[in-house]
Amino acid sequence: MDTRGLVPVLLILIGNYLIAFLVFIAAFFQKKEQRSTVFMLSWFLSIVPFFGLLYILLGRFISFLKRKKNVDMSDVSFSQEREKLILPPDRETEMNYVPIQDAMAVSDTTSLRRLLLDTLRSNAKKTISSIAAAMNSKDTETSHYAASMILDALSECRLTAQNMIWQMQKNPEDVEINLLTLEYIHDILSLKIMNDVEQKSYVYILDNVVENLFTHNLWHMTATHYLWMTDLFLSVKDYNMADKWVTRAGSYRPYMLDTFKANLHLYFAQQNQTAFFDCLNELKNSDILVDEEILGLFRLYNVKNE
């Protein structure tokens, strides 16, 4: 019996099973959510000697090369332009609606004011979003008619925004009117139906509204508010103002998904790849639940735990 090639094969098998055993032991020291994956890896190495290890090492090497090469940042977009202007029902708010005549019979002036503002804000937003959807009609006459209607709706929105801002300036510490004004103007800006000059001017108007909230009711500001302001200033290419809100988000709402997203959006706009990937890796290694946008980034850039 010819055994000349048996010794190298035995050495390879012994080495392979030793590595598989070490991986199996290492699994007990991993995080709970990663433990099952490492167990599976040890079994894979045991069942597929040599080639299993070779496959894993080659995969890691190729992944390392992809991470090191220059990435085309145009592959991903944070643009919201493709969003459909279909608004879901706000059940919590709408279930609290009552006839205004009934509300006026109650002495709770705060609830009455909230009802009036919510009704105004909701009606204006629904009206404009519906008309804006009609502007995409293939029928030229319909789209032109919708465009003329939206001018009237916009005029009403401007007047509403001015009245809300006046109320806020009259009572700057009133957090309720401040938040309603913030949400109202943001809703209109998010529809992107103003011309570029007016859209930009209202971004700075909204900045004053949010600055008032930041000054008088800081802890009512959520990470989402910081993200809104970051994205709006990025849309008008004012990176200094965007950086201001990103910095504040990091100071007052750290380790929250929208704070990470504000940072990622800013780094992306500035083409700061090092900071972008560092932030993405930090988010990947955290316990924060992510949304579809971030999952897409993980898949696109093949971000792995360090």
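The model is predicted, so local features require pLDDT of at least 70 and side-chain atom pairs count only at pLDDT 80 or more, while totals for chains, interfaces and linings use all residues. Residues are numbered from 1 along each chain as its sequence is written, and side-chain values use heavy atoms, with hydrogens and water left out.

The packing of the two helices comes first. Helix 9 and helix 11 pack at an angle of about 25°, and their axes are 13 Å apart. Helix 9 is therefore roughly parallel to helix 11, a label for angles under 35 degrees. Axes here are lines fitted to C-alpha atoms, for helices over the stretch in contact, and angles run from 0 to 180 degrees between N-to-C directions. Helices themselves are DSSP runs (H or I, at least four residues), numbered from the N terminus. The crossing of helix 9 past helix 11 is left-handed, that is, the near helix is turned anticlockwise from the far one by less than a right angle.

On the side of helix 9, Asp207, Val210, Glu211 and Phe214 make the contact; helix 11 contributes Met241, Lys244, Trp245, Arg248 and Tyr252. Contact means heavy atoms within 4.5 Å. By class, five residues of this contact are nonpolar, none is polar and four are charged; the nonpolar class includes Val, Met, Phe, Trp and Tyr, and the charged class is Asp, Glu, Lys and Arg.

A salt bridge is a side-chain nitrogen of Lys or Arg within 4 Å of a carboxyl oxygen of Asp or Glu. One of them joins Lys244 to Asp207, with the closest N and O atoms 3.5 Å apart. Because Lys244 lies in helix 11 (residues 239–252) and Asp207 in helix 9 (residues 196–216), this pair ties together parts that are 37 residues apart in sequence. Asp207 is buried, at 7% relative accessible area, whereas Lys244 is partly exposed, at 23%; buried means under 20%, exposed over 50%, and partly exposed in between (1.4 Å probe, protein chains only).

Glu211 forms a salt bridge with Arg248, their closest N and O atoms being 3.1 Å apart. This pair also links distant parts of the chain, with Glu211 in helix 9 and Arg248 in helix 11, 37 residues apart. Glu211 is partly exposed at 22%, and Arg248 is buried at 17%.

Another salt bridge pairs Glu292 with Arg299, the closest N and O atoms lying 2.9 Å apart. Glu292 is exposed at 54%, and Arg299 is exposed at 56%. Through shared partners, salt bridges join Asp207, Glu211, Lys244 and Arg248 into one network.

Notes. Angles under 35 degrees count as roughly parallel, over 145 as roughly antiparallel, 65 to 115 as roughly perpendicular and the rest as oblique.
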